[in-house]
Amino acid sequence: MCCPLLKSPMRTASDFDLEQGCHATLKCHIVYTRSYTEVNKRKMEGAEVLELYEIQYSDLMLLSSSCSHHQENMIMENLGPTGPGLLAITNVPDASLFRRKLLPLASKLALLGPEDRKRILREHNLGSDVPLKNPDRNVSSFAMQLKYSQGLESIETKPSHGVGSLLNLENENICRISDFEDDEFDDLENMFKALGFCMMELGLCLARICDRAIGGNELEQSLLESCAAKGRLIHYHSIVDSLVLREAGRRKGSSKRHANNYSRSEQRLSKVANLDTNVNEVRSYDMQANLWQQWHYDYGIFTVLTDPMFLLASQPTTANNEFSISRYQECASPSGHSYLQIFHPNKSKVLTVKSSPESLIIQVGESADILSKGKLRSTLHCVCRPARLDNICRETFVVFLQPAWSKTFSISDYPMEHYNPVCQPLEQAEERNVADQDQNALTQEIQKIVPPLSARFKDGMTFAEFSRETTKQYYGGSGLQSNR
């Protein structure tokens, strides 16, 4: 994507200074002096690494149709009230291929010009659920409704024969990649659906296993009654992305107004760049500054997501008074983990999730927590940024599995400690060491921005009412995260 500098009929000294400042800022935000070796040595103080429990795809398929008490117990232990609320599926047929081809398209869509992006999204039946006109956005998301009837009619009784069986495409066509050319998006819709259907299948199989352990078939039936899931292809912007997008936005308005806006934005971005991603620095006013995505619960049944892909942006180049990032290159995670963090309620601490490369992660949402009467525990989570690596972005693909909008929830037999949790006051932890006190302080800060279930959920609510109230209390005009 090309981002023109501010142009005017007569270039004043202030215009020249502003342009030179933009060049300098872009250069100072590209951190190449810190090597990956140095970054890997830095540990996230207070945030232990959680290596996910993994189950192979073939074992999951077998377990969904026959019982293995050991594996079933392990699944429930990890998804239940004493576990972290998520696990990973490995060796899913064809998923690795489609992940590698689909995920890089997230960054390319995010940085395309608005008109080109609109056309490509329209051609592939995609929309967006974030304001793409906002140059300060941390995330660009491209969404599609995925209907079970389109590819998973017999999923309840038949094992999958691989994602590729859902497509009438040759691999040679799928693998064509050319920088920002239309033909690289040719199979966007097909790849989106293929990987999405695969992830929906995993969710249904896991729901069937959990139902058997809990009793009844509430989870699987609720998913099937919904008739559809929501897929999202997500690009988490690097700071360099944000600067390039902001340069594109500077084509409108006066030099003075944009200079002021630029200065304010730079103060915010500099603050982000200089933060470490350790728990001790996540405090009150700057708690959200080092996060790509703020703390929240997903309110569906299951969220299925790919292990993230990290891309390293080339240094921005200038041609014809326009800034652009010439290319992105896949790189390893700077720290070796996913930058997905969860809050473990039983341990009262933040854990950083580490999963096997190219695995698929499934985490529990609040609807599963409610429908299972607390036998499954929803996952409080966020996504944090790498520290002082301004040219790193993160790509992932997510499928949200949820009940039908008309599904009615009941609070009967739901454990009250889940419904209205009470955080231990910090003054009760005087005997704890400093690290524990830091974790307790973080717990209190998280609770300030995450509305409790008791404030959002009432007996007899439909899923539509619950989701609407949840969105309102997070992001509405007086929501806890309305200005974050």
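Which residue of β6 is the bridge partner of Leu146? In this predicted model, local features need pLDDT of at least 70 and side-chain atom pairs count only at pLDDT 80 or more, while totals for chains, interfaces and linings use all residues. Residues are numbered from 1 along each chain as its sequence is written, and side-chain values use heavy atoms, with hydrogens and water left out.

The partner of Leu146 in β6 is Ala229. Strands here are DSSP runs (E, at least two residues), as are helices (H or I, at least four), numbered from the N terminus; two strands pair if DSSP finds at least two bridges between them. Strand β5 (residues 139–147) runs antiparallel to β6, with nine bridges joining them. β6 also pairs with strand β17 (residues 392–401), again in the antiparallel sense, over seven bridges, and Lys230 has Phe400 of β17 as its bridge partner. Strand β6 (residues 228–236) is largely enclosed by the rest of the structure, because eight of its nine residues are buried (under 20% relative accessible area, 1.4 Å probe, protein chains only).

Turning to the helices, α10 (residues 188–214) and α11 (residues 218–226) have axes that come within 7 Å and cross at roughly 145 degrees. Axes are lines fitted to C-alpha atoms over the stretch in contact, and angles run from 0 to 180 degrees between N-to-C directions. The contact (heavy atoms within 4.5 Å) involves residues including Leu204 and Ala207 of α10 and Leu223 and Leu224 of α11.

Elsewhere, an open sheet of five strands has the order β2-β14-β13-β16-β7, with mixed pairing. β2 (48–51) and β7 (291–297) are its edge strands, each pairing on one side only.

Key. Buried < 20%, exposed > 50% of the residue type's maximum accessible area, 1.4 Å probe, protein only.
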